[in-house]
Amino acid sequence: MAFIRKFDIAKLRGLVGQDAEIYTRLKADVFEGLVFPAVRAGRIDFYHRGGCLYSFREKSFERNDNYNKPEYAEGTTGLDFYSKAKKQNENKFRGANGLDTERMLLDRLNNHTFGIARKTKVVMLDIEVRLNGEVYGRGKCDMVLLNTATQELMFVEGKVFSDNRVNTLASSMPKVIEQINNYTTAITEQKAKIVEQYAEHIKIVNALFGRYEENTIYNPHITLIPSCKLLVMETPPNLTNNNQASIDKITIGLKKNNVVFCNAGIELTIDEIWEALCE
């Protein structure tokens with residue numbers, strides 16, 4: 001399957017009933033930085049707190065029934081259907097002991113795109129990106145950043161340090177190195193197609209969610225940084241020998257400027273992430 005970003009925006013005109021209400025509320029949450037719209041091949045997925053809240057393909061909004069499981073029902077009593085859906089998403093992706101998961105940590109960067117309060121030069125253009133390449137077609141990269149000053153795109157995979165693909169025994173090779181290098185191969189393989197399709201993506205989100213007075217209209221004339229980058233969050237300040245060995249191997253395996261480690265309790269801004277990966 002080719003890398004495609006295409007959607008007929010006319011399908012979102014003239015909605016009625018619950019579909020019209022969902023779209024109105026989704027759009028309001030997009031502008032508040034609470035929901036992130038991701039263009040796909042013939043559909044738009046709307047993400048909230050780490051997972052897909054609603055999808056729109058042909059005539060109506062759809063929601064994955066997996067979110068209706070009893071284990072995600074905490075705090076949903078008395079909520080209307082839309083607020084309940086959002087709460088189910090939050091419950092599904094809450095980590096152990098209430099700690100944020102990798103997805104929730106990354107979700108905090110989404111408000112730097114369409115939100116009224118955005119003051120960054122870098123924005124989140126896409127998330128949960130299936131690369132669809134011939135070499136590594138199953139790969140799904142966490143995010144694509146757009147630098148609105150340089151008009152460059154950057155693919156970034158996010159991990160928490162405790163992930164066993166990152167932190168491993170000193171005698172082992174972290175699996176994340178192969179993952180990131182495979183992503184880079186898939187991105188390089190279809191570089192021209194990705195640039196072409198993200199230009200279309202930008203035109204679609206401009207038409208649906210851009211507001212000139214809020215500086216959310218983006219330039220579709222873009223270039224692509226071909227190497228995938230790695231952002232490692234929640235790195236412990238006190239490193240064991242295994243921790244340090246993992247860091248050293250990843251840094252050497254991915255090479256300088258392709259990985260940044262962020263200490264636990266510290267969250268880099270989206271501009272700082274870009275700068276750290278482009279020094």
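Author: Start with M143. This residue is buried, at 0% relative accessibility. Buried means under 20% relative accessible area, exposed means over 50%, and partly exposed is in between, all with a 1.4 Å probe and protein chains only. This is a predicted model, where local features need pLDDT of at least 70 and side-chain atom pairs count only at pLDDT 80 or more, while totals for chains, interfaces and linings use all residues. Residues are numbered from 1 along each chain as its sequence is written, and side-chain values use heavy atoms, with hydrogens and water left out.

Where does M143 sit? It belongs to strand β6, residues 140-147. Helices (H or I, at least four residues) and strands (E, at least two) are DSSP runs, numbered from the N terminus. Now look at the neighbours of M143. Leaving out residues up to four places away in sequence, M143 touches L106, L109, M124, D126, I127, M154, F155, V156 and L231. Contact here means heavy atoms within 4.5 Å. V129 is 14 residues from M143 along the chain, and their C-alpha atoms are separated by 6.6 Å.

Pick F155 from that list. F155 also touches C228. Follow it there. C228 is in the loop between β8 (223-224) and β9. At 1% relative accessibility, C228 is buried as well. Besides F155, its contacts include C141, E157, I180, Y183, T184, I187 and N258, again without residues up to four places away in sequence. R118 is another matter. C228 and R118 are 110 residues apart along the chain, and their C-alpha atoms are separated by 25 Å.

C228 touches another cysteine, C141. Why do the two not form a bond? A disulfide is a pair of cysteine sulfur atoms within 2.5 Å. The whole structure holds zero disulfides. C262 is in none either, and its nearest cysteine sulfur, in C278, is 17 Å away. C262 is buried too, at 5% relative accessibility.

Go back to I180, one of the contacts of C228. I180 is in helix α4, where it takes part in a helix contact. The partner is α6: α4 (residues 176-189) and α6 (residues 241-254) pack at an angle of about 20°, with their axes 10 Å apart. Axes are lines fitted to C-alpha atoms, for helices over the stretch in contact, and angles run from 0 to 180 degrees between N-to-C directions. The two helices are therefore roughly parallel. Angles under 35 degrees count as roughly parallel, over 145 as roughly antiparallel, 65 to 115 as roughly perpendicular, and the rest as oblique. V176, I177, I180 and N181 of α4 meet K249, I250, G253 and L254 of α6. That contact has five nonpolar residues, two polar and one charged. Ala, Val, Leu, Ile, Met, Phe, Trp, Tyr, Cys and Pro count as nonpolar, Asp, Glu, Lys and Arg as charged, and the others, Gly among them, as polar.

Next comes K255, in the loop between α6 and β10 (259-263). K255 has a positive phi of about 75°, although it is not a glycine. It is exposed, at 55% relative accessible area. E234, in strand β9 (residues 229-235), also has a positive phi, about 60°, and is not a glycine. E234 is partly exposed, at 34%.

Finish with a second pair of helices. α1 (residues 17-31) and α2 (residues 81-92) pack at about 50°, with axes 10 Å apart. These helices are therefore oblique to each other. Their crossing is right-handed. Q18, E21, I22, R25, L26 and D29 of α1 make the contact with F81, Y82, S83 and K86 of α2. Four of these residues are nonpolar, two polar and four charged.

K86 also touches H48. H48 lies in strand β2, residues 44-48, and is buried at 3%. Its other contacts include L34, V35, L53, N89, E90 and D107. H48 and N89 are 41 residues apart in sequence, yet 6.7 Å apart in space, C-alpha to C-alpha.

Conventions. A crossing is left-handed if the near helix is turned anticlockwise from the far one by less than a right angle, and right-handed if clockwise.
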